[in-house]
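Here are a few friendly notes to read alongside the model.

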There are 2 protein chains.
Amino acid sequence: MAKQKKGQKAEDGGLLGQLRMPSGPVDLTKYDTRATPGFAGSKDDGKAAMEGLGAEVSDWQERLFAEGRKGGQRSILLVLQGMDTSGKGGVIRHGAGLMDPQGLKITSFKAPTPAEKRRGFLWRIRQAVPSHGLIGIFDRSHYEDVLIARVRNLVAPSVWDKRYDQINEFEAELADSGVTILKCYLHISADEQKVRLQERLDNPTKHWKYNPGDVDEREFWPDYMDAYHAAIERCGTEKAPWYVVPSDRKWYRNWAITTMLLETLKSLDPQWPEADFDVATEKKRLAAT
Amino acid sequence: MAKQKKGQKAEDGGLLGQLRMPSGPVDLTKYDTRATPGFAGSKDDGKAAMEGLGAEVSDWQERLFAEGRKGGQRSILLVLQGMDTSGKGGVIRHGAGLMDPQGLKITSFKAPTPAEKRRGFLWRIRQAVPSHGLIGIFDRSHYEDVLIARVRNLVAPSVWDKRYDQINEFEAELADSGVTILKCYLHISADEQKVRLQERLDNPTKHWKYNPGDVDEREFWPDYMDAYHAAIERCGTEKAPWYVVPSDRKWYRNWAITTMLLETLKSLDPQWPEADFDVATEKKRLAAT
């Protein structure tokens, strides 16, 4: 059955094919943040579809995990980027929450510490690469080093400008070592961000998520869009493509990224490892205890 | 409402009170591995009760997480110990799977690597202590250093004998620094283990979980029980008590440990952090963008 679905996917490219950014100049304003590509139903349908993915995605996740335990050298890295409130945490809670936490390696990157700053910007990223059999998830990533670092002049232009190539080399190395990289830009509108920040202010149980700096960053929205355009254009490679996920609708965002993970797992097609012992012998040994 | 439930728990001790091992000599043979203390219903009831815990436990988990983000210094450490197949992984999949993976720090301890062996046995354990606001889960732990290390003579008796005190000092230090420690022994019978190993041999999708060494270890069952008796007796402290969880019934084991986590979260009673900014000012600033 997995084989059959694989065939279907190969035919139509799946959701990965639909959301993948083509090479060439990038203009995010051309992509509707409220669109739901690949999904025809309502919000309720989307939530039901999401729940329906749980069993299948966790089954495939376990196969990948099992493969990694028995010598397999493959893993998946999901990179989540997007403006504040775009829902990186929500994807992890709802999407990753469908999976076995033992098979996940989740890393949330904040502003680098002084110790991290004294090393190259990829140093801390390398520590977080998922080992064999795991699904790694980055909540923000090395892309911050060509986003906020560029927009807010945290380093000189000559420094951030070199980073695009450094990122491409790093990601190619990862891909060659068995990591399938999925880079997702969670695409929200400035208006939707305003609504979400307002909700955080209105609801005392969400005050802890609100940071006055988020309002400061809103002033730099066009600069951030320019920086995303550059990052997606210069680092959208064959080995590590970028995907743009319309994210004004939370249910679509969660369904889409989980579906992309599922498609990725299926394309890797990990199989249950064969016994590395003689089953009949072991049955006898066990029976004798 | 949280306050009210706290009162009820204080009154009856909750499941934590029921499963907590009293001080003094330990004899695990006195505890029925198929018992379901604190739960009167059937397997189906147990599974339904487990599902029903999801929303509540993840709400409390988020409160603890939020507290940790805003200066709180508390965390929880769940230590899972038990014989092979006792279900440490199952508890994580089903129990931890109810929670937001962003708030979990799960560490699975295998046989120490050469680099780890060159350090004290607690070195790698300290790396895995959950930071503020997180729920840490150990799948095996420093207790292996007084279990397999003792039973299989991996170190001299004079070495493992000192470790009980070292563990107590370590755990007291953790407790004093804000870590609430829950040490759970997943109590299965040797017969139940045999059934579970047989299942792994009968089902090709479970062969990867089977290790011929597990049958070798079964011969040392009485020695392991002695080692558990010593560990529970010598390291069952006021600051870091041991709990014995009957685990022949998987549904009970999962429900019980999740319930104990929930009781622990409620007793910590983390509150949504208050705004560290002026809400009215921020609303005006946001509106102006």
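1. Across the interface of chain A and chain B, 8 salt bridges are found by the rule. Please keep in mind that this is a predicted model. One of the bridges joins the side chains of B:Glu62 and A:Lys209, at 3.7 Å from N to O. The interface also holds 17 residue pairs in polar contact.

2. Which elements of chain A supply at least two residues each to the side that touches chain B? They are helices H3 (43-69), H4 (88-94), H9 (190-202), H10 (212-218) and H13 (279-287), together with strand S2 (104-108). H13(A) gives the largest share, 6 residues. By type, this side of chain A divides into 21 nonpolar, 7 polar and 15 charged residues.

3. About 4000 Å² is buried between chain A and chain B, and carbon and sulfur atoms give 63% of that area. Of the area that chain A buries against chain B, 19% comes from A:Gln102, A:Trp208 and A:Leu286, more than from any other three residues. In contact terms, 43 residues of chain A meet 43 residues of chain B.

4. How are the copies related? Chain A superposes on chain B by a rotation of 180° with 0.0 Å of shift along the axis (RMSD 0.0 Å), which is the relation of a two-fold axis. The same surface serves both copies, as 100% of the contact residues of chain A recur in chain B.

5. Do look at two loop residues of chain B. B:Thr85, between strand S1 (75-82) and helix H4 (88-94), has a positive phi near 75° and is buried at 9% relative accessibility. B:Asp269, between helix H12 (250-268) and helix H13 (279-287), has a positive phi near 55° and is buried at 9% relative accessibility.

Key
Residues numbered from 1 in each chain as written. Chains lettered and ligands numbered in written order. Predicted model: local features only at pLDDT ≥ 70, side-chain atom pairs only at ≥ 80, totals over all residues. Heavy atoms only, no water. Least-squares fit on C-alpha atoms with pLDDT ≥ 70 in both. Contact = heavy atoms within 4.5 Å. Helix = DSSP H or I, 4+ residues; strand = E, 2+ residues; numbered from the N terminus. Buried < 20%, exposed > 50% of the residue type's maximum accessible area, 1.4 Å probe, protein only. Buried area = accessible area lost by both parts, 1.4 Å probe. Salt bridge = Lys/Arg side-chain N within 4 Å of Asp/Glu carboxyl O. Polar contact = N/O pair within 3.5 Å; in protein donor to acceptor, adjacent residues only side chain to side chain. Nonpolar A, V, L, I, M, F, W, Y, C, P; charged D, E, K, R; others polar.
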